[in-house]
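Here is a short briefing on one protein model. Keep the structure in view and follow the strands first, then the core, then the charged groups.

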Amino acid sequence: MSANPAKIAVLGAGSWGTALAIHLARNGCQVALWGHAPDEVKALQRDKENRQYLPGVPLPDGLTASNHLAECINDADEILVVVPSHA
């Protein structure tokens, strides 16, 4: 096993994407959570939780949120696409 944590990009900052990102970060991964709406991402960064979809569940260290897709996937070892099917 590598000494460096896995870098995971989670595309989709809804309830399921946020839950997966939190789980991965709690288990030692470096996680970039992408959301398409700048205001929602700013709220994630400011509040350190997804108050819209998972209120009361703090975002752990090791999880960063961004609305810049290239920034999230640039160095990712794995990419999880967790957007609604209609999106």
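Strand β1 (residues 7-11) and strand β2 pair in the parallel sense over 5 bridges. Two strands count as paired if DSSP finds at least two bridges between them. Helices (H or I, at least four residues) and strands (E, at least two) are DSSP runs, numbered from the N terminus. The model is predicted: local features need pLDDT of at least 70, side-chain atom pairs count only at pLDDT 80 or more, and totals for chains, interfaces and linings use all residues. Residues are numbered from 1 along each chain as its sequence is written, and side-chain values use heavy atoms, with hydrogens and water left out.

**Strands around β2**

- Leu11 stands opposite Trp34 in β2.
- β2 also runs parallel to strand β3 (residues 63-66), and 4 bridges join them.
- Within that pairing, Ala32 has Thr64 of β3 as its bridge partner.
- β1, helix α1 (residues 15-26) and β2 make a right-handed β-α-β unit. Right-handed means that, with the strands pointing away from the viewer, the path from the first strand over the helix to the second runs clockwise.
- β2 is largely enclosed by the rest of the structure, because 4 of its 5 residues are buried. Buried means under 20% relative accessible area, exposed over 50%, and partly exposed in between (1.4 Å probe, protein chains only).
- In a regular strand the side chains alternate between the two faces of the sheet.

**Nonpolar cores**

- A nonpolar core is a set of buried Ala, Val, Leu, Ile, Met, Phe, Trp, Tyr and Cys residues joined through side-chain atoms within 4.5 Å.
- The largest core has 16 residues, and Val10, Ala21, Leu24, Val31, Leu33, Leu44 and Leu63 touch the most other members.
- β1, α1, β2, α2 and β3 each supply at least two residues of this core.
- α1 gives the most to this core, with 4 residues.
- Apart from it lies another core of 5 residues, among them Ala9, Leu11, Trp34 and Cys72.
- Which residues does Leu33 contact, leaving aside its neighbours within four places in sequence? Its partners include Val10, Ala21, Leu44, Leu63 and Cys72. Contact means heavy atoms within 4.5 Å.
- In soluble globular proteins, nonpolar side chains tend to be buried together.

- Gly35 is found in the loop between β2 (30-34) and α2 (38-47).
- Is Gly35 buried or exposed? Gly35 counts as buried, because its relative accessibility is 6%.
- Setting aside neighbours within four places in sequence, Gly35 is in contact with Ala13, Val41, Ser66 and Asn67.
- Gly35 and Val81 are 46 residues apart in sequence and 11 Å apart in space, C-alpha to C-alpha.

**Salt bridges**

- A salt bridge is a side-chain nitrogen of Lys or Arg within 4 Å of a carboxyl oxygen of Asp or Glu. By this rule the count is 3.
- Asp47 meets Arg46 at 2.9 Å, N to O. Asp47 also meets Arg51, at 3.9 Å.
- Glu49 and Arg51 form a salt bridge at 3.8 Å.
- Asp47 counts as buried, at 18% relative accessibility, and Glu49 counts as buried at 16%.
- Arg46 is exposed, with a relative accessible area of 60%, and Arg51 is exposed at 52%.
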